[in-house]
Amino acid sequence: MIDPLFSACPERHGTGSEKWDRWAGRDVIPVWVADMDFRTDPAVLAALHERVEHGVFGYTDDPPGFAPSLAAHLLRRHGFAIDPDHVRGITGVVPGLAVTARLLAAADDEIISFTPVYPPFLNLPGAAGRKLTRVPLVAAGDRWVIDHDALAAAVSPRTRLIWLCHPHNPTGTVFSAADLLRIADLADRHDLTVISDEIWSDLLLDDDVGGPRHLPFASLDHPAARRAITLVAPSKTWNVAGLCCAAAIVPDPDQRRRWRAAGGGLLPMVNSLGYAAAEAAWRHGEAWRQRLVAVLRAHRQMVMDSVATIPGLASIPPQATYLVWIDCRGTGVADPQAACEAAGLGTSDGRDFGAPGFVRLNMACPTPRLEEALRRLRRAFAR
Ligand SMILES: Cc1ncc(COP(=O)(O)O)c(C=O)c1O
């Protein structure tokens with residue numbers, strides 16, 4: 001059964017859509033950048049209409065309902081109790097990561113990330129004059145796992161931060177309590193700060209049917225968790241990335257005081273529409289979110305069924321996100337991204353995530369479009 005909320009999607013050509021304009025004029029279905037082709041939750045739209053009717057859009061600090069709505073959402077969804085005073089509105093999770101590099105590490109200090117990973121995790125340390133240390137995730141059966149020995153070996157006297165992507169993009173991995181506790185122990189031993197990007201934490205695909213649940217890193221009962229910084233946003237789940245509103249949860253008062261200055265003048269205020277959308281999503285978006293997850297779960301099955309029948313392709317099913325990470329190395333095709341594009345499928349290139357031979361497929365589109373995308377995936381690797 002196709003849910004009508006997720007079947008009639010507006011035309012996005014000519015709207016400045018990064019996703020759709022990349023191959024403008026060509027018959028390429030874009031399944032790359034992480035936004036969805038679905039209209040947002042009607043509850044979010046209603047809040048936006050109401051804010052527009054107000055008619056004044058001056059410089060805006062965090063409105064009074066912003067932090068409390070996030071706190072209530074995190075408590076309800078994840079059992080994560082935060083102090084609303086620790087919340088700072090930011091224009092995006094990526095700017096938030098960039099700030100932490102400047103706030104908590106000095107020039108040439110090192111930041112650890114698990115790879116393959118969302119490209120800014122690879123690029124931002126260098127852009128800030130800090131160093132990236134890569135710790136590869138390992139494919140173990142039906143899961144991507146952390147090699148904790150490799151992680152421990154990667155820590156040097158210059159390491160300051162661990163940037164956790166939790167759940168992990170592009171593999172869709174939900175890290176377990178055991179993993180998080182081992183990371184916390186390591187961070188504590190070496191006085192590292194964990195920065196946990198939890199932008200995907202409301203898109204776990206099986207948590208309502210007994211599958212893994214999201215455990216916020218900062219919710220652990222552990223000293224390293226009490227000083228961790230958490231970055232969240234409504235943008236992935238409610239498809240409002242272009243409204244540029246996210247939140248940093250910063251427990252340390254001194255870090256909160258220095259937060260904006262660490263942006264070096266490049267950290268604009270959040271816009272009033274972004275705040276309106278975020279608050280509505282967190283307060284009223286649960287029913288829509290559940291319907292979205294049901295669609296994504298069905299789509300994941302479609303993608304996995306397809307991948308399993310295309311010789312040479314392999315994929316570990318994502319536990320979260322609407323992204324499928326596909327290993328194309330078994331096809332013998334030297335440039336899988338080029339092969340997909342030639343077949344009319346605009347995937348994300350694994351090279352951008354530090355993993356040549358892989359592509360990432362965004363399955364958050366209407367079901368018939370996904371069916372056509374999967375036909376093109378097959379065509380890309382037909383011998
Ligand atoms: C792990 C992760 N962090 C951050 C972002 C982007 O965050 P923002 O648009 O809030 O800067 C994305 C977008 O795909 C992501 O996957």
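Me: What makes a residue count as part of the ligand's surroundings, and which are closest?
Reply: The test is distance: the C-beta atom, placed from the backbone, must lie within 6 Å of the molecule. In this predicted model, 13 residues surround the ligand, and the closest are Ala-34, Gly-92, Val-93, Val-94 and Asn-169. Residues are numbered from 1 along each chain as its sequence is written. Local features need pLDDT of at least 70, side-chain atom pairs count only at pLDDT 80 or more, and totals for chains, interfaces and linings use all residues.

Me: How is the shell around the ligand divided by class?
Reply: Ala, Val, Leu, Ile, Met, Phe, Trp, Tyr, Cys and Pro count as nonpolar, Asp, Glu, Lys and Arg as charged, and the others, Gly among them, as polar. By that rule the shell has nine nonpolar, three polar and one charged residues.

Me: Are the residues on the faces of E2 buried or exposed?
Reply: Buried means 20 or more other C-beta atoms within 10 Å of the residue's own, exposed means 12 or fewer, and partly exposed lies in between; C-beta atoms are placed from the backbone. Val-87 and Gly-89 on one side are buried, as are Arg-88 and Ile-90 on the other.

Me: Why do E2 and E10 count as paired?
Reply: DSSP must find at least two bridges between two strands. E2 and E10 (residues 246-249) have four, in the antiparallel sense, so they pair. Arg-88 stands opposite Ala-248 in E10.

Me: What makes E2 an edge strand?
Reply: E2 pairs on one side only, and E4 (131-136) does likewise. They belong to an open sheet of seven strands, ordered E2-E10-E9-E8-E7-E3-E4, with mixed pairing.

Me: In which sense do E7 and E8 pair?
Reply: E7 (residues 159-165) and E8 (residues 193-197) pair in the parallel sense, over five bridges. Leu-164 has Ser-196 in E8 as its bridge partner.

Me: Where do the bounds of the two domains come from?
Reply: They come from an automatic or database domain assignment. The assignment gives domain 1 (4-41 + 286-380) and domain 2 (46-284).

Me: How many residues of domain 1 are in contact with domain 2?
Reply: Contact requires C-beta atoms, placed from the backbone, within 7 Å. By this test, 27 residues of domain 1 are in contact with 34 of domain 2. Helix H12 gives the most to the domain 1 side, with six residues.

Technical notes
Helices (H or I, at least four residues) and strands (E, at least two) are DSSP runs, numbered from the N terminus. Two residues are in contact if their C-beta atoms, placed from the backbone, lie within 7 Å.
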